[in-house]
Amino acid sequence: MSDVFIDPSPANFAAFKALPRDEPIHMLNLLRYRDLAEYPDGHEHHGSGWSGRRAYEEYGKTSGPIFRRVGGSIVWRGVFQTMVTGPEDMRWDDAFVAQYPNSAAFFEMIKDPDYQLAVVNRTAALVDSRLVRFKPGEAGEGFG
């Protein structure tokens with residue numbers, strides 16, 4: 001069985017924080033949803049019967065204003081079809097690339113009290129995910 005990831009490990013988050021904070025960043029998000037969202041006891045959506053996808057939609061609705069306020073935007077979005085290179089059993093439901101003006105904007109977002117309330121929906125929604133930081137490069141006609 002493969003490892004699953006919802007939140008960054010302390011080592012990965014330390015590596016992220018050590019990178020330059022004053023340049024634009026792209027964050028590749030790979031998402032695999034739970035069949036049924038798993039909210040903690042006492043949460044307003046606990047026992048709602050929401051799918052993981054529905055819980056992630058709630059995350060987008062509640063975190064979106066904060067994401068936009070810090071200057072974030074979605075530069076690419078896609079729906080998984082098949083694994084071409086990689087483990088045959090690996091699949092993702094959705095993927096997108098979020099752009100931030102700099103990593104300080106990302107930190108501002110995740111520290112926002114309203115975002116911290118919203119992220120519960122993300123945690124309830126996902127059975128596995130990847131969040132990968134990239135420095136944006138120039139688009140072009142070739143692979144190199």
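## Helix H1 against helix H3

Helices H1 and H3 pack with their axes 10 Å apart, at an angle of about 135°; axes are lines fitted to C-alpha atoms, for helices over the stretch in contact, and angles run from 0 to 180 degrees between N-to-C directions. H1 is therefore oblique to H3, on a scale where angles under 35 degrees count as roughly parallel, over 145 as roughly antiparallel, 65 to 115 as roughly perpendicular and the rest as oblique. Helices (H or I, at least four residues) and strands (E, at least two) are DSSP runs, numbered from the N terminus.

From H1, Phe13, Phe16 and Lys17 meet Ser103, Phe106, Phe107 and Ile110 of H3, where contact means heavy atoms within 4.5 Å. This contact has five nonpolar, one polar and one charged residues; Ala, Val, Leu, Ile, Met, Phe, Trp, Tyr, Cys and Pro count as nonpolar, Asp, Glu, Lys and Arg as charged, and the others, Gly among them, as polar.

## About the model

This is a predicted model, in which local features need pLDDT of at least 70 and side-chain atom pairs count only at pLDDT 80 or more, while totals for chains, interfaces and linings use all residues. Residues are numbered from 1 along each chain as its sequence is written, and side-chain values use heavy atoms, with hydrogens and water left out.

## Helix H4 and its partners

H3 (residues 103-111) also packs with H4 (residues 113-125), at about 75° and with axes 5 Å apart, so the two are roughly perpendicular. Met109, Ile110 and Lys111 of H3 touch Pro113, Tyr115 and Gln116 of H4.

Residues on the H2 side include Tyr56, Tyr59 and Ile66, and H4 contributes Tyr115, Val119 and Arg122, among others. By class, this contact divides into eight nonpolar, four polar and three charged residues.

## The largest pocket

Now for the open space: the largest pocket has a volume of about 1,100 Å³, a volume being the space filled by probe spheres set on grid points joined across faces, edges and corners. A pocket is an open set of points on a 1 Å grid over the protein atoms alone, where a 1.4 Å probe fits, with protein on both sides within 12 Å along at least five of seven lines; lining residues have an atom within 4 Å of a point.

Of its 42 lining residues, Asn29, Tyr59, Phe106, Arg122 and Leu131 lie nearest the centre of the largest pocket. H2 supplies the largest share of the lining, nine residues.
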